[in-house]
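Me: I have a model to go through with you. Let us take it in short questions and answers.

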Amino acid sequence: MSPEAVKSRLSYIDWMRGLACLLMFQTHCYDSWLGGVARQSRFFMYSQLLGTFPAPLFLFLAGISFALVTVKFAQKGMSAGEIARSTIRRGAEIFAFGLLFRLQEYLIAWGWAPKSDLLRVDILNTIGVSMMLMGAMCWVASHPWRQNRAKDGAPMFILMASGTTVAISLLTPLLWTTWAPRWLPWPLESYVNGVHNLGTPQAWMFPIFPWAGFAFAGLAVGFVLQSEWVKIRGGWVFAGLAAAGLVMIELSRVLDGMSFQLYPVYDYWHTSPSFFLIRVGMLLMIMAASYGWCRWGAGEWGFSPLIQLGQASLLVYWVHIELVYGRVSILRKHSQSIGDATVGLVIIFLAMLALAYLRTHMKGWRKNRSERKLQTANAAAR
């Protein structure tokens with residue numbers, strides 16, 4: 001495969017992550033700032049519909065990136081235990097960032113934010129927990145007795161990641177209703193079904209069920225993409241994944257239309273495996289389109305704003321929340337027209353793009369400055 005193709009195979013991940021950031025910006029900006037009749041408009045409805053994509057995208061991409069890192073570590077000769085420790089530690093760091101973020105939000109909102117906000121299960125918490133779970137799963141899949149069954153460990157990784165994805169999807173409706181672990185303290189139960197301290201699961205939370213399922217789906221896809229067979233065939237494989245996504249979407253519609261229901265409580269938009277299936281199918285189609293755009297389209301023509309945002313997604317997520325929802329919001333909340341809120345969205349986008357650019361280039365600038373100082377010192381010594 002050509003160097004350009006290899007580069008595109010990596011840059012499309014950043015491009016997708018940048019797309020998730022853009023969709024997140026518009027969702028949060030319009031949700032925070034629109035007021036009056038604008039909040040009842042079809043425009044706002046579609047804006048919030050697009051807002052259902054960022055969280056699955058971030059988790060799905062976390063799974064793909066996890067697979068890339070795991071394979072990279074294995075190629076360096078690291079043992080299964082070392083890989084597990086490294087990846088689980090990184091997941092714990094992301095989880096800690098999530099707790100730190102909640103603490104920051106609570107301190108900034110001091111006086112009117114409830115203490116329960118400190119333990120709210122948000123997207124960073126779930127990404128961190130998902131990474132730790134994926135690290136544990138990969139360690140189990142790498143166990144010697146399993147490797148004896150297959151010379152290549154990748155099929156075992158793909159099988160276990162796919163199985164975990166299906167299991168999470170199938171268990172979600174039950175764990176939100178009849179199997180809800182009420183015996184757990186609410187901060188722990190909230191990681192299972194997002195119950196928080198409100199007695200019933202909340203749709204605006206990000207519990208492991210079903211959200212971690214998107215990470216494991218990405219993990220399975222990531223290991224598929226790492227095989228030599230796939231690397232040789234490149235675009236054809238992504239076309240196949242897009243076709244698989246279409247099949248999943250159609251299968252989801254068929255399952256949802258069936259008169260027979262497996263679960264005592266059926267909630268299509270929040271817990272049903274059918275809705276989970278359709279979203280995974282759409283993620284596969286978005287991934288294939290992103291790959292094609294970066295390899296054959298204009299995705300990498302010169303400077304790419306989305307790739308730049310994707311390379312600093314954690315930072316821009318952290319900062320933009322305060323500028324949109326926090327006390328330093330750049331516009332008055334729940335009082336703007338669509339036009340004014342759109343101007344604010346453009347400002348947020350440009351500000352976060354500048355922040356991402358500074359973040360990703362700072363290390364290079366420091367390195368160049370150090371090299372120039374060293375060259376100056378050497379010249380003076382002569």
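Me: What share of the 382 residues counts as buried?
Reply: Buried means under 20% relative accessible area, exposed means over 50%, and partly exposed lies in between, with a 1.4 Å probe and protein chains only. The model is predicted: local features need pLDDT of at least 70, side-chain atom pairs count only at pLDDT 80 or more, and totals for chains, interfaces and linings use all residues. Residues are numbered from 1 along each chain as its sequence is written, and side-chain values use heavy atoms, with hydrogens and water left out. Of the 382 residues, the buried share is 48%.

Me: How many helices and how many strands does the protein have?
Reply: Both are DSSP runs numbered from the N terminus: helices are H or I with at least four residues, strands are E with at least two. The count is zero strands and 15 helices.

Me: What part of the contacts with a separation of 6 or more joins residues 24 or more positions apart?
Reply: A contact means heavy atoms within 4.5 Å. Among contacts with a separation of 6 or more, residues 24 or more positions apart account for 74%.

Me: Which helix gives the most to the lining of the largest pocket?
Reply: A pocket is an open set of points on a 1 Å grid over the protein atoms alone, where a 1.4 Å probe fits, with protein on both sides within 12 Å along at least five of seven lines; lining residues have an atom within 4 Å of a point. The largest one is lined by 50 residues, with Thr27, His28, Gly51, Trp204 and Phe206 nearest its centre. Elements giving two or more residues include helix 1 (3–33), helix 11 (235–257) and helix 12 (273–295). The top contributor, with five residues, is helix 4.

Me: What is the volume of the largest pocket?
Reply: Its lining splits into 11 charged, nine polar and 30 nonpolar residues. Here Ala, Val, Leu, Ile, Met, Phe, Trp, Tyr, Cys and Pro are nonpolar, Asp, Glu, Lys and Arg are charged, and the others, Gly among them, are polar. Volume is the space filled by probe spheres set on the grid points, which are joined across faces, edges and corners. For the largest pocket that gives about 1500 Å³.

Me: And which helix gives the most to the lining of the second largest pocket?
Reply: This pocket has a volume of about 1100 Å³. Its 31 lining residues include Arg17, Arg90, Gln311, Ser313 and Leu314, which lie nearest the centre. By class, 19 are nonpolar, seven polar and five charged. Seven residues come from the leading contributor, helix 3.

Me: How many residues are in the largest nonpolar core?
Reply: Such a core is a set of buried Ala, Val, Leu, Ile, Met, Phe, Trp, Tyr and Cys residues joined through side-chain atoms within 4.5 Å. Tyr12, Phe25, Leu219, Leu225, Met287 and Leu309 have the most contacts inside it. Tyr12 itself touches Leu225, Phe238, Met287, Ser290, Tyr291 and Cys294, leaving aside neighbours within four places in sequence. The core size is 91 residues.

Me: How far apart are the C-alpha atoms of methionine 16 and leucine 57?
Reply: Methionine 16 lies in helix 1. It is buried because its relative accessible area is 0%. Beyond four places in sequence, methionine 16 touches Leu57, Leu61, Leu283, Ile286, Met287 and Ser290. Leucine 57 is 41 residues away along the chain, yet the C-alpha separation is 7.6 Å.

Me: Is histidine 196 buried or exposed?
Reply: Histidine 196 sits in the loop between helix 8 (186–193) and helix 9 (208–225). Its phi is positive, near 55°, and it is not a glycine. Its relative accessibility is 3%, so it counts as buried.

Me: Where is histidine 334, and how does its accessibility class come out?
Reply: Histidine 334 is in the loop between helix 14 and helix 15. Its phi is also positive, about 55°. At 49% relative accessibility, histidine 334 counts as partly exposed.
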